[in-house]
Amino acid sequence: MKISEIHTYVVDGGWRPWIFVKVQSDDGITGYGECSDSKNPYGIVGTIEDLKPILIGEDPRAYEMRFWDMIRSTRQSPGGIAAKAIAGIECALIDIKAKALGISVVELFGGPTREAVRLYWSHCGTTRAVHAELLGTPPLRSMDDIAELAHEVVSRGFTALKTNIIMPGTPAEVYFPGFGSGPGTTDQVITNQLLRHIETLIGTFRNAVGSDVDINLDLNFNFKPEACMRIAKMLEQFDLLWLEIDMYDPDAILQITESTSTKICTGENLYYMRGYMPYFERHAADIFMVDVPWNGFSQSKSIGGLAEVFQLNIAPHNYYSHLATFISASLCAVLPNVRIMEIDIDDVPWKDDLVTHKPEINAGNMQIPTGPGWGTELNEEELNKHLWRNKSAKW
């Protein structure tokens, strides 16, 4: 079996692009991967084009060898865009191998450790704050609207949610200077007024969902450690599942973790075991996120295995399409140390049309995929109807 063709699709996800990789073999088996990135889709597509010459004509089933071929080809540009391109291809190769054997990826990697994985409703309110019209959801004009959304989460069977710093209003906004631009947006400090707002926001969610539903707050790259420590200390009263922070200094994350009883989660922007190791060695956080479309499936499983050595739980970062959800659920199925899995519930109307099988969700849990490969296929006719053209990502 040889790789005969590699094709990419950059698909409209409303306010961000989804990047899919299609790998075809000469005997007719097609594998699919995802490596979505909101800000740099064409950099990833260009890297995949650069990798084609070392892949075409090679055996797709030897995904470990293909991975190291790609690593050596991009060794002077480690991580980032190169890692995401490699991950998308690697996921497609693993899909091919499992399909060639007539089994699921879960079976390929040792069989399931669970029948279902618990989910949390991610970007809860974040998406509605900025894209209510596209979603067809009620606007978030006040904290009463936040409470109504929280009630909806519970009524739809979810036992956990994650939100960002939402500013209800007309129009509503989300506090995202870590991904923003303009003078005065780089300092990563917090004002007393913003701290009080966060307290009101999370207090509103907690009062609405009660004590048995878990709440996560994602701070992204918005703050420096001093601000994070103030936020974490204030949030202790709400017993969060975690406070999520992106930061590239493991000692800074450890400083935050040791300053508070609020549980800290980090890691979604890290690559490979080498990137996670300094954080794991320090036990710098309580839970670690792993992004499968950015690390690849085999490498993500290795990261999860390393986390188990250090007695840590992982949680897949899954801000993507249904294909990535099947891929992430497959990872959860083959690891013994999973905390919970992310999923976006509010999304574009055509999301379901892009795949042949949707996630099976019951009472806030997703059934582990059992079909060949990832358990779902991409609908290429629908992909072509929704290509990302002349747009930029926007919350």
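Predicted model: local features only at pLDDT ≥ 70, side-chain atom pairs only at ≥ 80, totals over all residues.
Local features need pLDDT of at least 70, side-chain atom pairs count only at pLDDT 80 or more, and totals for chains, interfaces and linings use all residues. Residues are numbered from 1 along each chain as its sequence is written, and side-chain values use heavy atoms, leaving out hydrogens and water.

**View 1. Three strands form an open sheet in the order 1-2-3, with antiparallel pairing.** Strands (E, at least two residues) and helices (H or I, at least four) are DSSP runs, numbered from the N terminus. Two strands pair if DSSP finds at least two bridges between them. Strand 1 (3-12) and strand 3 (30-34) are the edges; each has a single partner strand, so one side of each lacks a neighbour in the sheet. Look next at strand 2 (residues 17-25), which pairs with strand 3 over five bridges. Here F20 stands opposite E34 in strand 3.

**View 2. Helix 1 (residues 41-55) lies across strand 1 and strand 2.** Helix 1 runs at about 175° to strand 1; angles go from 0 to 180 degrees between N-to-C directions, with axes fitted to C-alpha atoms, for helices over the stretch in contact. Contact means heavy atoms within 4.5 Å. Helix 3 (residues 80-101) lies across strand 1, strand 2 and strand 3, at about 145° to strand 3.

**View 3. Helix 8 (residues 225-235) packs with helix 9 (residues 250-258) at an angle of about 25°.** Their axes are 9 Å apart. Here you can find P225, C228 and M229 of helix 8 meeting A252, Q255 and I256 of helix 9.
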